[in-house]
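Please examine the sequence and the model shown below. The paragraphs that follow lead through selected backbone, disulfide, helix and cavity features.

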Amino acid sequence: MAVPSDKCTQSSGCDSNAKCTCGTVSGLYQCVCNAGYYGPGTPGQCYKCRKGSYKKFPSPEDCNACPAKSSTAGLGSTNIVDCKCNEGYEGNPSAEKPCLPVQCVPISPPQNGYLVGGACDYKYQSTCEVACNKGYTLHGTATRTCQKTKSWSGTEAYCQIVRCTPLPLLTHGTKSCTGVGNGQYYGEKCSYTCDQGYDRKGSAERTCQLDGTWTGQPTSCVAKLCPALRKLPFGTVEPVDCLTTPQPYTRACVMKCFKGYTFSGSSPLTCGADGEWQGTFPPPVIRCVTPLSFQITSPPSLDVNTDPERNTKRVTWELPVAQDNAELHDPNARPTVTSSEPLITSPYNFPIGTTRLVYTATDKSGQTAQCTFTVKVVDNEPPFIFCPDNMEVPAAKSGPSLVFWQPPHYFDNSKGTVTIFTGHVNGSSFQTGSTTVKYTATDEAGNVGTCSFVILVTKTRCKAYDPPINGAITCQDLAIAGGDYCSAMCNGGKEFSSRPATYYICKTEGFWQIFDWPMPGQEPANDTMPWPDCTEVLDPSGEKKGMEWQYLSGDCSDPNVQQEAKRKFIDGLAAIIGGGDPTFCSWSGACRVANVRVTCGAMQTGRKRGLARRVDRSVDRSVDQTVDRSVDQRVDRSVDRRNTLTIDFDIEVTAKGMTDDERKKKLDEYVNKVKAETQGKLASLNIPGVTSTFYKILKEDLQPSPVCRNGSVYELNKENKKKCMSCPPGNFYDSAQSQCVLCPRDTYEHNTGSLACQKCPSGTYTFKSGTKKGSECKPVCQAGTYSTTGLELCQPCAIGYYQSHKRQTTCNKCPGSTITLEEGADSISKCGMPCAPGTYSATGVEPCAPCPVGTYQPDKTKSECIKCPSPKTTFGTGSVKLSQCVGIPSEIAANDKFKCNIGPCLMKIDFLSRFINFCDSNPCNNGAQCNNMVDGYRCMCKSGFTGKNCEVEEDECTTNPCANGGACVDKINGFVCTCPSGFTGQFCEKATVDCKPGACRNNGKCVEIPGGFQCLCSDGYEGDFCEVNTNECKSSPCLNGGKCTDGVNSFTCNCPAGYSGGRCEDKTNGCRPDSCLNGATCTETSYGHRCACVAGFSGNRCETDINECASTPCANNGLCVDKEGGFTCLCKPGFSGTTCLTAGSTDFDLEFGRAQGRGMAAVNSRQELRAFTVSFWMKSEGSSNNEPGTPISYAVKASGSVLDNALTIHDYNGFNVWINNEKASTNVAANDGKWHHMAFTWKSSTGAWKVYKDG
């Protein structure tokens, strides 16, 4: 504690970084260096704490060293907080958290690998080494160091299994591999087996080695060979090398006869697994014999829809083609083709349903082939149905309103039954208003056609008109007027777009009569129906004045020049009006330069736009004309008028919140401002390359005109003076004309004030302009139909009429005496003279064709003929009645060749009267069989003969059947081959044998090949004759310096010291993961590995746990507890120490032999002291002037800071008691060198303390 500095004068004062204190430990007055300094404290003897140390309080002690592995940033640190962990360490020394090495994430051994030495530390600067198991290669960094960033150096290592390049699949064989890598990983094997008919060449089994190569030799499967074939008489052998080269196993050689011949054996021949041909070979079994092979190809079957408005489909097809290979040698061998339906020929109108034509082809030998041509005709055309026009009928004066109408016209292309349905009964009662009547027509195929019409029952007898849009009509019966008296009115806030008539009368005779009595000054109302619509009435939104200026220019005919002039003029006017701001009008909304038009041409002498329309109607128009003339008189006649720019424009004032007079005044202000610049800013338009000099103001409106918003027109209805009105429905606002214009045809508009009309939906149109409703957009009438508007509802053209165009209002009459067969004719081609009985056409009119044989037609204008009952037919075409159908003779009708599936058969007249046997004359030679046919005979020749009548003997040598240069000798139905040297066999097809015993050595297999033989060697041998032992050491298979010794299909490795394995791949002295146990360190040596055991373990692998308690290390009956690498002694009371050797002292007196209390008793209290009693015996030495002593000092730590004088009893010259750094002086001394018993008490609750001396 600090004391006055004069207490330390004996030491010549203290250093500037020290103070004079009474030491609580030494009990002496002394100089102590301040916090952050150390030393004696005398002048010049206080030094800053060294780096790595600190001192928090003034004391004579040295600076405290920072905790282990920590240091300070510089000198003179005053707090442990300045102690920071060294690089690579982490912790918080000030929070009593030691600095420990940073730890990296522990490295796990890679899959299929291990940690060298069995384990490794993962603290800062520790190293870890990994290695891979046998058969794996290491990728990444093997040895890695834990860095200060808590990350390992290098890259993560992984072990990848040794892979061999996959062996190719075996063509004509099987590759079978072991292991998860399917024969690609180290140690895995692949074995080969050749398919039947193939011999193996190369190794039967191969193994993936450590260096990624395979043992053994490449393997393949070599096909067994069959000898070359002979030539085929009257045919060919394909491929052609079948006749010249031995063929491999499974190779097929195809025998093909020339046209007109077929096989009497097997084809193709296939090379078998035993090297012999499989099949019926050699001849004479196989040969090409009598004509047999032919084919017939039918046209593709068809699924088609009926022709429009027809119950048939006209189909054109190619007749089937029959081909016989015998035609190459026999021109008479073409097969004949007959049809099951001879009356059906191309082109033909096939009826609805399925028709099958079976075509039969017959060759000259009587062989037959058939094909079927199927035509399926589907009716997908709905019936045509035409409803009557919309009807408007007056309501009955009493009782129900019964309505009758003409039933709809309908017809169907199928000519079948059509079912008509409607939900309304003709002649039934209808309510007042509009009712839609819908009809549906359904044909036998389920196709549905519809039509509808509207019946409008009205209380009036006149044509009904919709009420005015935005208005209403009121009517009442007025007998004196002769009908219903009606008047039109508008809804609130709306006015008529034009003045309606005074009233409208629906006369009892059924017509409208219009009565109108205009007031004086009123314009007369429209004298035609209907009444006008109602629309909005608006106040004008501004005032405007129109002007025309002229500029003299050069060539201004270029549209680009005119556009640039327009732009420059508008910008100039806008800038003048806006006081230099050309955007003033647009952003303020107060003004506008509008309707600007620029023209190029001769000088104009009057306005093109009719200025009188602009002048206020109260002004006499003659004034305007006078001004015009006076302006014209000022025209300079000397000016060239050929190139003059005329600019027509309006200046509008549209500012809101102004009165009309204020707008007019502002308008005059703007007009005067721009006129004042005709010789200034507007004197030239500054168009590049073109002269543009102001010439004159040609025209100017005398009075301003009102401005209406877009979509409205000023005084549209003259009744509404000085008002704007929106364009009514059915109109749009044309900004170019500034007026309402009727919507063009095919558009409509139901809103008021529209700027454009809406287009009708695609495929719909309107009858007239000015259409108001989208419902009035209707589809057009198609060809063959018409209506009064050309739009739906449409009616078919009547019989005798046609219409080939759409959207027509009438139909055209067929020319002359021609007619149409049905209603709705859509072409003049359907007009014609009626087909007479016995004839028909697709339309029922000319050109007509006679009914085919087997059919008849008694009526005219028919599109088809009637079939005769089966099995009857007609003698010819054009039959007109059923009695012309006659029967067929029984012997012909019984013949299958004349039976018909559909319709009658077409028969020749001579077949009806006679049946001839053409074989009666025995036309066939050489024992051939004659087959009688309807149209002739067919000869079936024996082998060796050909020709129509089998009159030609075949030359079997014509096809050179002898192989390898053999000579052919023709025989009757056969031949003989004379073979050259080196060949044998009936066809000289076999070569002499070259594979003699012993041709191949070392169990090699001999295989015949063209021109010799080939040896297939056993594993471990090679060479043309398998005479060479394969050198398996050629690829250097031994690793790590091993020496290779070759064997038969094998090798042996002699390994150097430290290595073993079939290829010396294993290190015998290497450290494996399990080489050392229990945390031991493994070290590789030249003679093996060595384990350095940690304390507590022994053995070659450190596998034995040493029992440290076996030697009874604990004294004084202490209990020994064995632990890994050590032991712990549990001592009896009164003893302590590692082995219980220290006995407790019975003398509890404390003697401090030195002034400084280096020896002391220290007690750690686990709880707060709220009261205490301290008593002790003491005796001081020396005089009463002794330095103060400190019998007891107690310190605590609060909130991380040390409170030094928490409890201190100090200075026995007069005891002072310190509690929590607060001092209480007792003035009780005990420094007389005698024994005294001292006692001190204190309570926290009251703060009271007491001191007792000698009781």
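R807 counts as partly exposed because its relative accessibility is 23%, where buried means under 20% relative accessible area, exposed means over 50%, and partly exposed lies in between (1.4 Å probe, protein chains only). The model is predicted, so local features need pLDDT of at least 70 and side-chain atom pairs count only at pLDDT 80 or more, while totals for chains, interfaces and linings use all residues. Residues are numbered from 1 along each chain as its sequence is written, and side-chain values use heavy atoms, with hydrogens and water left out.

R807 sits in the loop between β64 (801-802) and β65 (812-813). Strands (E, at least two residues) and helices (H or I, at least four residues) are DSSP runs, numbered from the N terminus. The phi of R807 is near 55 degrees, a positive value in a residue other than glycine. A positive phi also occurs at C1140, near 65 degrees. This cysteine, C1140, belongs to the loop between β92 (1135-1136) and β93 (1142-1143), and it counts as buried because its relative accessibility is 0%. Why do such values deserve attention? Most residues other than glycine have a negative phi, and most peptide bonds are trans.

M529 and P530 are joined by a cis peptide bond with omega of about 0 degrees, and P530 lies in the loop between β49 (512-515) and β50 (534-538). The bond from E846 to P847 is cis as well, with omega near 0 degrees; P847 is placed in the loop between β66 (839-840) and β67 (849-850).

The next topic is the disulfides. A disulfide is a covalent bond between the sulfur atoms of two cysteines. In this analysis the criterion is a pair of cysteine sulfur atoms within 2.5 Å, and the structure holds 41 disulfides. One of them is formed by C475 and C486, whose sulfur atoms are 1.9 Å apart. This pair links distant parts of the chain, with C475 in strand β45 (residues 471-478) and C486 in strand β46 (residues 483-490), 11 residues apart. The torsion about the S-S bond of C475 and C486 is about 115 degrees, and therefore the disulfide is right-handed. C475 counts as partly exposed because its relative accessibility is 42%, whereas C486, at 0%, counts as buried.

C1033 and C1044 form another disulfide, again with sulfur atoms 1.9 Å apart. The pair links distant parts of the chain: C1033 is in the loop between β81 (1028-1029) and β82 (1043-1046), and C1044 is in strand β82, 11 residues apart. The torsion about the S-S bond of C1033 and C1044 is -80 degrees, and the link is left-handed. C1033 is buried, its relative accessible area being 17%, while C1044 is partly exposed at 24%.

The loop between β81 and β82 also contains C1038, which pairs with C1053 in strand β83 (residues 1051-1054), 15 residues apart, and so links distant parts of the chain. The S to S distance of C1038 and C1053 is 1.9 Å, and with -90 degrees about the S-S bond the link is left-handed. C1038 is buried, with a relative accessible area of 12%, and C1053 counts as buried at 10%.

Helix α4 (residues 660-675) has 16 residues and reaches 22 Å from its first C-alpha to its last, close to the 22 Å expected at 1.5 Å a residue; the expected span is 1.5 Å times one less than the number of residues. Which residues of α4 are buried? They are R663, L667, Y670, V671 and V674. These residues lie on the same side of α4 because they cover an arc of only 100 degrees around the axis, the arc being that of the directions from the helix axis to the C-beta atoms. On the other side of α4, D661 and K665 are exposed.

A search of the whole structure finds five cavities of 30 Å³ or more. A cavity is a set of points on a 1 Å grid over the protein atoms alone where a 1.4 Å probe fits but cannot get out, and lining residues have an atom within 4 Å of a point. The largest cavity has a volume of about 90 Å³, a volume being the space filled by probe spheres set on the points, which are joined across faces, edges and corners. Its lining includes E309, R310, T820, L821 and K830.

Notes:
On a 1 Å grid over the protein atoms alone, a cavity is a set of points where a 1.4 Å probe fits but cannot get out, and a pocket is an open set with protein on both sides within 12 Å along at least five of seven lines; lining residues have an atom within 4 Å of a point.
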